Amino acid sequence: MKIRLGVVGTGSFSSDFIRLFKLHPDVEKVALADLDAAKLAASAEKHGITETYRSLDDMLQDGKDLNAIAIFTQRHLHGPMVLKALDAGKHVYSAVPIACTIEEIEAIINKVKETGLTYMMGETCYYYPSAIYCREQYQKGAFGKFVYGEAQYYHDISEMYKDFQRSGGAEWRRPAGIPPMFYPTHSISMLFSAIGEHATQVSCMGLRDDFHDDDIYGEGKNYWDNPFSNQTALFRMSGGGVARINEFRRVGINKPSSYITCLYGDLGAYECSITQHTFQRGAAAVERGLEEKPYVEYLDEVVNCEDYIADKKAGSIDWAHDPISVRYIRGFAPVHDKSRLPAVYRNNLSTNHFASHPFLVDDFVRAVVDGKLPPNNAWDAARYMIPGLVAHESSLQGGKLLDIPDFGDAPDTFEKLTYIKKDYYEQE
Ligand SMILES: NC(=O)c1ccc[n+]([C@@H]2O[C@H](COP(=O)([O-])OP(=O)(O)OC[C@H]3O[C@@H](n4cnc5c(N)ncnc54)[C@H](O)[C@@H]3O)[C@@H](O)[C@H]2O)c1
């Protein structure tokens with residue numbers, strides 16, 4: 001089986017994915033759709049694509065031979081579009097988030113359960129090197145039991161004005177004021193996927209954005225009447241530990257934007273402070289005979305990009321402007337298993353977001369072609385998103401402790417994609 005893919009939304013983010021889907025050995029063709037004729041034409045020309053449609057609806061109606069749809073529309077539009085595409089019998093890849101209501105998320109899960117179609121959310125941060133490192137070490141038991149962790153997505157709204165203006169026209173502030181906790185999947189996925197737990201309760205505080213004059217946040221100013229630019233949530237996790245998640249859109253930091261600051265188990269601890277990542281074990285591990293003495297491992301050459309490591313060795317980093325900055329979130333890190341990717345992706349480094357895009361595209365293609373359940377499937381995506389939706393409700397109620405609904409793990413009838421094996425494509 002080969003994938004015949006329709007990409008919906010030809011804005012700035014989809015471009016690298018269109019390139020990668022076209023390059024993948026199991027993708028036969030890529031078609032495009034956008035409401036904006038100029039964007040559609042520019043993207044079609046850039047990628048050498050002739051099959052185009054003027055909307056998702058047109059694509060579903062006329063693109064009969066397409067067997068998969070990839071959605072890259074504005075963040076608050078995904079839920080209904082995912083459902084439409086699943087209803088039309090297509091496998092679905094969607095940029096984050098999965099949807100903005102619990103009802104839509106439940107409907108997506110039910111549709112996937114009923115049809116067996118693939119749904120995958122393209123969570124870039126799942127493949128951020130520090131998340132991979134923590135996940136692998138946690139699964140090996142190096143941390144012991146999770147007790148506390150912190151993760152965040154810091155992205156100042158002023159850096160996103162242009163993005164929202166491009167698609168929103170005169171009304172761009174209305175989607176721009178989306179509650180920060182309605183876009184929580186970068187921070188949550190990194191920490192929650194590392195420890196393999198989900199959140200059961202939340203208390204969240206919001207920062208009322210009444211000290212800025214860009215008119216984005218506040219009652220009546222956006223689709224959600226959202227007054228908060230920043231939200232801080234404390235989650236009770238299913239294993240009993242506590243996670244602190246920050247989603248900030250008004251913050252004077254440049255980069256990094258998405259990262260795990262700390263992950264503490266009773267036996268080991270990961271910490272990141274901008275330029276330095278460490279893994280440590282202390283007295284508890286010594287007392288249990290797991291280490292001879294307290295131990296610190298510096299992970300800079302494990303979880304940073306290869307070009308950062310090379311520049312650091314050459315002494316050519318401009319420390320005042322570069323540390324883990326935009327320049328250094330391009331390309332693979334040593335912790336990435338490039339060998340599982342099609343060869344054509346391995347030296348193809350024009351990707352942003354810590355080289356996560358090739359892994360996401362390959363996960364989706366493999367899941368559809370092999371008929372397996374990918375990581376970041378509907379059940380995972382629900383556990384990254386619903387905690388944020390309830391956190392927003394908590395912050396509207398002044399931090400009230402609220403229970404978080406959970407749709408559980410995917411049923412056992414869905415066989416998990418376990419191909420994460422070396423040289424998959426060379427073995428064919
Ligand atoms: N790291 C990440 O995971 C990451 C980074 C950036 C963007 N994103 C996500 O990617 C998505 C796209 O971002 P972007 O900046 O390219 O957005 P954009 O606003 O530039 O582009 C979205 C496009 O979708 C089109 N569209 C909307 N409804 C449509 C419909 N019914 N049919 C066809 N086309 C339709 C719009 O006309 C627009 O051109 C967003 O959801 C964003 O959250 C994720």
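Which residues line the second largest cavity? In this predicted model, local features need pLDDT of at least 70 and side-chain atom pairs count only at pLDDT 80 or more, while totals for chains, interfaces and linings use all residues. Residues are numbered from 1 along each chain as its sequence is written, and side-chain values use heavy atoms, with hydrogens and water left out.

The second largest cavity is lined by Arg75, Ile157, Met160, Phe164, Ala176, Ile178, Tyr217 and Arg249. Here a cavity is a set of points, on a 1 Å grid over the protein atoms alone, where a 1.4 Å probe fits but cannot get out, and lining residues have an atom within 4 Å of a point. The space in this second cavity is about 30 Å³, a volume being the space filled by probe spheres set on the points, which are joined across faces, edges and corners. The largest cavity has a volume of about 40 Å³, and its lining includes His198, Arg383 and Asp406.

Polar contacts are pairs of N or O atoms within 3.5 Å. A ligand nitrogen atom sits 3.4 Å from a polar backbone atom of leucine 35, and a ligand oxygen atom 3.4 Å from a backbone N or O atom of valine 96. Histidine 353 places a polar side-chain atom 3.4 Å from a nitrogen atom of the ligand. The protein buries 89% of the 860 Å² that the ligand exposes when taken alone (Shrake-Rupley method, 1.4 Å probe).

Conventions
A polar contact is a pair of N or O atoms within 3.5 Å; within protein, one must be able to donate a hydrogen and the other to accept it, and residues adjacent in sequence count only if both atoms are side-chain atoms. On a 1 Å grid over the protein atoms alone, a cavity is a set of points where a 1.4 Å probe fits but cannot get out, and a pocket is an open set with protein on both sides within 12 Å along at least five of seven lines; lining residues have an atom within 4 Å of a point.
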